[in-house]
Amino acid sequence: MSRQLDYQTIREIFTRFREAEAEPKGELEHVNAFTLLVAVALSAQATDAGVNKATRALFQVADTPEKMLALGEEGLIEHIKTIGLFRQKAKNVIKLSRILVEDYGGEVPSSRAALMTLPGVGRKTANVVLNMWFHFPAQAVDTHIFRVGNRTGIAAGKTVEAVERAIEDNVPAEFQSHAHHWLILHGRYICVARKPKCGACHIRDLCPYEEKTL
């Protein structure tokens with residue numbers, strides 16, 4: 001774990017991220033808040049590409065909680081059986097769809113607490129939905145962000161919650177809305193787990209990681 005970077009260094013890092021890609025986007029395909037919620041819930045221990053492949057046809061027939069309930073658990077399974085843990089995920093999606101219809105008028109709630117009461121929705125999933133759909137500067141910390149945050153010192157912390165708080169506390173406000181996307185993409189394509197691509201990294205001169213692969 002690197003030491004937490006100072007304000008000016010973090011500001012320069014995110015300035016470079018913004019210059020490279022001003023409007024980073026999440027890679028999960030969706031058409032509304034509900035399909036985003038379902039896609040993120042399905043993405044646990046699965047790749048975004050794998051989820052997108054399964055949900056393209058699914059969301060054509062079930063893009064609302066009501067339509068998902070009409071499809072039913074077995075119908076849902078037929079669409080998502082290529083995704084890991086598909087049976088449990090199907091149960092959760094049907095249960096959360098029923099809760100959305102019965103308790104929220106078929107709408108996805110816009111608070112973290114409400115989202116986290118839904119089956120299969122943890123803090124990370126809730127934060128993704130809050131950020132991507134409701135444009136709230138929530139930080140969804142996955143394995144990529146946890147690794148990048150600690151390697152670089154952008155957001156040092158021993159737990160996911162600590163890294164989330166470190167991003168909120170240390171990243172300048174103007175970068176908060178896109179911070180988690182920049183960090184995810186950086187971890188997914190450049191600062192990878194094994195043999196990070198430091199030669200292609202545009203913040204390598206600001207990164208204190210001692211085992212650079214230059």
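**Entry 1: helix α5**

I take a residue as buried when its relative accessible area is under 20%. The model I am reading is predicted. With that cut-off I listed the buried residues of α5 and found Lys89, Ala90, Asn92, Val93, Ile94, Leu96, Ser97 and Leu100. I then looked up what lies over these buried positions, and the cover includes α2 (33-42) and α4 (65-80). I checked the length of the helix as well: α5 covers residues 86-104, 19 residues in total. From its first C-alpha to its last, α5 reaches 25 Å, close to the 27 Å expected at 1.5 Å a residue. Just after α5, I noted that Gly105 has a positive phi of about 60 degrees.

**Entry 2: the whole chain**

Along the principal axes, I noted that the C-alpha trace spans about 55 × 30 × 30 Å.

For burial, I found that 50% of the 214 residues count as buried. The chain exposes about 10,800 Å², and carbon and sulfur atoms supply 52% of that area. I also looked at the contacts with a separation of 6 or more: residues 24 or more positions apart account for 61% of them.

**Entry 3: nonpolar cores**

Which residues touch the most other members of the largest nonpolar core? I found Leu37, Met68, Leu76, Val108 and Leu115, in a core of 35 residues. The elements that give two or more residues to this core are α2, α3, α4, α5 and α7 (123-132). The largest share, eight residues, comes from α2.

I followed Leu115 further. Leaving aside residues up to four places away in sequence, Leu115 touches Leu37, Val108, Pro109, Val121, Ala126, Val129 and Leu130. I also recorded a second, separate core of 23 residues, whose members include Val148, Ala155, Ile184 and Cys201.

**Entry 4: salt bridges**

I counted eleven salt bridges, with a side-chain nitrogen of Lys or Arg within 4 Å of a carboxyl oxygen of Asp or Glu as the criterion. One of them pairs Arg188 with Asp48, whose closest N and O atoms are 3.3 Å apart. This pair links distant parts of the chain, with Arg188 in helix α10 (residues 176-189) and Asp48 in helix α3 (residues 48-61), 140 residues apart.

Are Arg188 and Asp48 buried or exposed, or in between? Arg188 counts as partly exposed because its relative accessibility is 24%. Asp48, at 16% relative accessibility, counts as buried.

I looked up two further pairs. Lys67 forms a salt bridge with Asp63, the closest N and O atoms being 3.2 Å apart. Lys67 is partly exposed, at 41% relative accessibility. Arg165 is bridged to Glu168, with 3.7 Å between the closest N and O atoms. Both Arg165 and Glu168 belong to helix α9 (residues 160-170) and stand three residues apart, about one turn of the helix. An α-helix has 3.6 residues a turn, so residues three or four places apart point the same way. Glu168 counts as partly exposed, since its relative accessibility is 31%. Elsewhere, I noted that salt bridges with shared partners join Glu12, Arg16 and Asp205 into one network.

Technical notes:
Residues numbered from 1 in each chain as written. Predicted model: local features only at pLDDT ≥ 70, side-chain atom pairs only at ≥ 80, totals over all residues. Heavy atoms only, no water. Helix = DSSP H or I, 4+ residues; strand = E, 2+ residues; numbered from the N terminus. Buried < 20%, exposed > 50% of the residue type's maximum accessible area, 1.4 Å probe, protein only. Expected span 1.5 Å × (residues − 1). Contact = heavy atoms within 4.5 Å. Areas by Shrake-Rupley, 256 points an atom, 1.4 Å probe, with all protein chains shown as cover. Core = buried A, V, L, I, M, F, W, Y, C linked by side-chain atoms within 4.5 Å.
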